[in-house]
Amino acid sequence: MSTRDELGWNAIRGTTGLVYLFLLFPLLAVVIISFQPSKFPTFPPEGFSLKWYETFLNSDRMLTALKNSFIVALGASVCAGIVGTITALGFVRRSFPKKNILSSVLFLPMIISPVVIGVALTAFLTKMGFQKNYLFLIAGHTTLVLPYIFVTVRAQLYGFDQSVEEAAMTLGANELETFFEVTLPLIAPGLAAGMLLAFVISFGEFTATQFWVQPATSTAPIEIYTMVRTSITPMINAMATVLMLITVAVPLTLDLLLGKNLILKSGL
């Protein structure tokens, strides 16, 4: 490698490092400030203390919000997993008019502003007589994360060898047995990757969620925003750190338990 090429690669590496530093430093600052002993956050912190984590763990309001986020994210990922799988099967295995247009429509929640989706879905579900509760939140979050599962499962199905299903049905299995015993295990990596992504997105969703919550169903991001508006203390950083750990730990833990790299196997 010539000196000029080496300098070029060093410049690329340096620029990449600066970009990563720019993206990660604010997150690192949030974590560091969460260990600040005083009430008013400063950077760098004046000492080290777990006081704000203790305050967070003793706060029923914060723990309830965290529980709500878990319930909603889990419910949305499961519902989107079921609906997204059925929808992907229909789009890949069947031909019908305007299929490409309808496929594009399914991606609208990824394109349209969450504010618009929040307002529109609130008006629609309220008109239908739904009350703002867990089901309301799960329905909203399912709408937001459905495209992510649809696209991962559809990618798996496009690369799927249908002769395996035909062999199973030749041996006497019906369509339902073939799906659960042959198709589902083979598309499981894509489905699991999509559901993990859906869980993480739902768990941290704020913009549309603010239109759907009530005090009893307030989620962790909503509580953080409320605290920022009322009083800024390092407990906000402590809760934000917990949220970051959860959104990173859940996919990594499931990846280790399943013994496979779900993202790579999903074809993403």
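Tutor: Domain bounds here come from an automatic or database domain assignment. On that basis the protein chain is divided into domain 1 (1-34 + 44-48) and domain 2 (61-266). This is a predicted model, in which local features need pLDDT of at least 70 and side-chain atom pairs count only at pLDDT 80 or more, while totals for chains, interfaces and linings use all residues. Residues are numbered from 1 along each chain as its sequence is written, and side-chain values use heavy atoms, with hydrogens and water left out.

Student: How do you know that domain 1 and domain 2 are in contact?

Tutor: Contact means heavy atoms within 4.5 Å. By that criterion, 5 residues of domain 1 touch 6 residues of domain 2. The centres of the two domains, taken over C-alpha atoms, are 32 Å apart.

Student: What makes up the area buried between domain 1 and domain 2?

Tutor: Buried area is the accessible area (1.4 Å probe) that two parts lose on being put together, summed over both. For domain 1 and domain 2 the value is about 460 Å², and carbon and sulfur atoms give 75% of it. Val30, Ile33 and Ser34 supply 72% of the area that domain 1 buries against domain 2, more than any other three residues.

Student: Which classes of residue does domain 1 present on the side that touches domain 2?

Tutor: Ala, Val, Leu, Ile, Met, Phe, Trp, Tyr, Cys and Pro count as nonpolar, Asp, Glu, Lys and Arg as charged, and the others, Gly among them, as polar. That side of domain 1 therefore has 4 nonpolar, 1 polar and no charged residues. Between domain 1 and domain 2 the count is 0 salt bridges.

Student: Why is the pairing of glutamate 223 and arginine 61 called a salt bridge?

Tutor: The term requires a side-chain nitrogen of Lys or Arg within 4 Å of a carboxyl oxygen of Asp or Glu. Glutamate 223 lies in helix H10 (residues 220-230) and arginine 61 in helix H3 (residues 60-93), so the pair ties together parts that are 162 residues apart in sequence.

Student: How many helices and strands does the protein chain have?

Tutor: Helices (H or I, at least four residues) and strands (E, at least two) are DSSP runs, numbered from the N terminus. The protein chain has 12 helices and 0 strands. Residues 70-92 are 100% helix, with end C-alpha atoms 32 Å apart.
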